[in-house]
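Hello,

Here is the structure we talked about. Please look through it first, then read the notes below.

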Amino acid sequence: MKVLAIETSCDDTSVALIKARKNKRASFDILSNIISSQIEIHKKWGGVYPTLAKREHQKNLIPVLEKALKRANEFKVLKKPKLQSKTVQKILEREPDLLEDYQKLIPKIQKPKIDAIATTIGPGLEPCLWVGINFARALACSWNLPLIPVNHIEAHIYANYLTEESEGFIFPAISLIVSGGHTQLILMENHGKYSLLGETRDDAAGECLDKIARILGLDYPGGPIIEEKALKFKKGGSKTQVDLPRPMIHSKDYDFSFSGLKTAVLYDYKKRSSKIRKSKNYIRQIAHESQQAIIDVLIYKTIKAAKNYRVKSIILGGGVVANNELRKQFKEQVKNEFPNLEIQMPSPNFCTDNAAMTAVTSHFHLKERKEWKNIKAKANLKLTK
Ligand code: KG4
Ligand code: ZN
């Protein structure tokens, strides 16, 4: 079984081809996983600007697809181009730039040896989701293939199957998804069986890091830069006292709230003299404290849920899980407090958005194949049905 997947839910344009291995259960070969990042474009705004992101996806999809097919050895130019159906023009009528590129390439190449096309349908930025979906629909129409709709949160969970050493999930499990758009604690009783235990009431953890970076005059995305600054912070190296809250850490539910943390950073920054604000030490210290505040809340609540629901494993996913300090502290605390609890996290490159995770997820939903007409964007798609 070979799947080609498309992911455009936020600011990364990605196309991947993966193949399920025959002998081993739920293990995969990644034939290609091409990601075109829009970071340089969104840096100016300090965050993702949806209409700009949509335009970039339109420009990037064909070059990214071409690279993905080439890398997977599935790119073959036909001697005689095929006739393009009128339906494709209709499907891509709202994406004129993409249609132009599409017509220049797709009729000229051979249909790749794949069994289905998977595409992210939500949650995400609606205009961005639609570009990827319409592209997937057009390809499904041109190549006469079924489409498999994929939930983006579920894809962040299943990114764990992309690591070479993955043995598969151990149920019941608590899954924590932390990205730029989401912070959710999910009880997973089996494949596809989810109950949402809690989520953020305001900003997602990644969003909070992005906003803090902006306050501190650092680049977008904030997470990796804050991690880099935090790593350079030396305890005792600064005379400044920075105390940040751990919002909702002791609340009785499993919800989160990170907007207060961002505000606390803003107040601290505002009260400092311009000399301190410009000092390397202060920036490193506040980056370190912000990162630690987020890590503390995430670990505390996840372990509490794991304990209360007596689960066998913890599954992490989402862009923020690329953070080395978070990974290290999660592993240490689980090992110290619950040595029998398994903890799984995708390798850092599979934590941030990529289409390989979309492809893997579709493998668990093969029965939900649909005709291209029946796939729509769902910006607020929920995991729990
Ligand atoms: O999963 P993702 O690529 O996109 C969404 O679905 O939102 O997550 C992006 C988020 C951004 O907010 C970014 O700042 C954060 O993940 N992030 C990190 C790191 N790398 C990315 N946060 C902390 N540490 C990192 N190393
Ligand atoms: Zn994501």
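**Where the two domains meet**

In this predicted model, 16 residues of domain 1 are in contact with 23 residues of domain 2. The domain assignment gives domain 1 as 2-157 + 351-374 and domain 2 as 168-345. Taken over C-alpha atoms, the centres of the two domains are 31 Å apart.

The size of an interface is often expressed as the accessible area lost when the parts come together. Here domain 1 and domain 2 bury about 1500 Å² between them, and 69% of that is on carbon and sulfur atoms. Which three residues supply more of the area that domain 1 buries against domain 2 than any other three? They are I153, I157 and C351, with 40% of that area.

One salt bridge is counted between domain 1 and domain 2. K43 and D219 form a salt bridge in which the closest N and O atoms are 3.6 Å apart.

On the side of domain 1 that touches domain 2, α1 (39-43) and α6 (152-158) each supply at least two residues. The largest share comes from α6, with four residues. By type, the residues on this side of domain 1 divide into eight nonpolar, five polar and three charged.

When you have the structure open, start with I153, I157 and C351, which supply 40% of the area domain 1 buries against domain 2. Then find K43 and D219, which form a salt bridge.

Regards

Key
Residues are numbered from 1 along each chain as its sequence is written. Chains are lettered from A and ligands numbered from 1 in the order in which they are written. This is a predicted model: local features need pLDDT of at least 70, side-chain atom pairs count only at pLDDT 80 or more; totals for chains, interfaces and linings use all residues. Side-chain values use heavy atoms; hydrogens and water are left out. Domain bounds come from an automatic or database domain assignment. Contact means heavy atoms within 4.5 Å. Buried area is the accessible area (1.4 Å probe) that two parts lose on being put together, summed over both. A salt bridge is a side-chain nitrogen of Lys or Arg within 4 Å of a carboxyl oxygen of Asp or Glu. Ala, Val, Leu, Ile, Met, Phe, Trp, Tyr, Cys and Pro count as nonpolar, Asp, Glu, Lys and Arg as charged, and the others, Gly among them, as polar.
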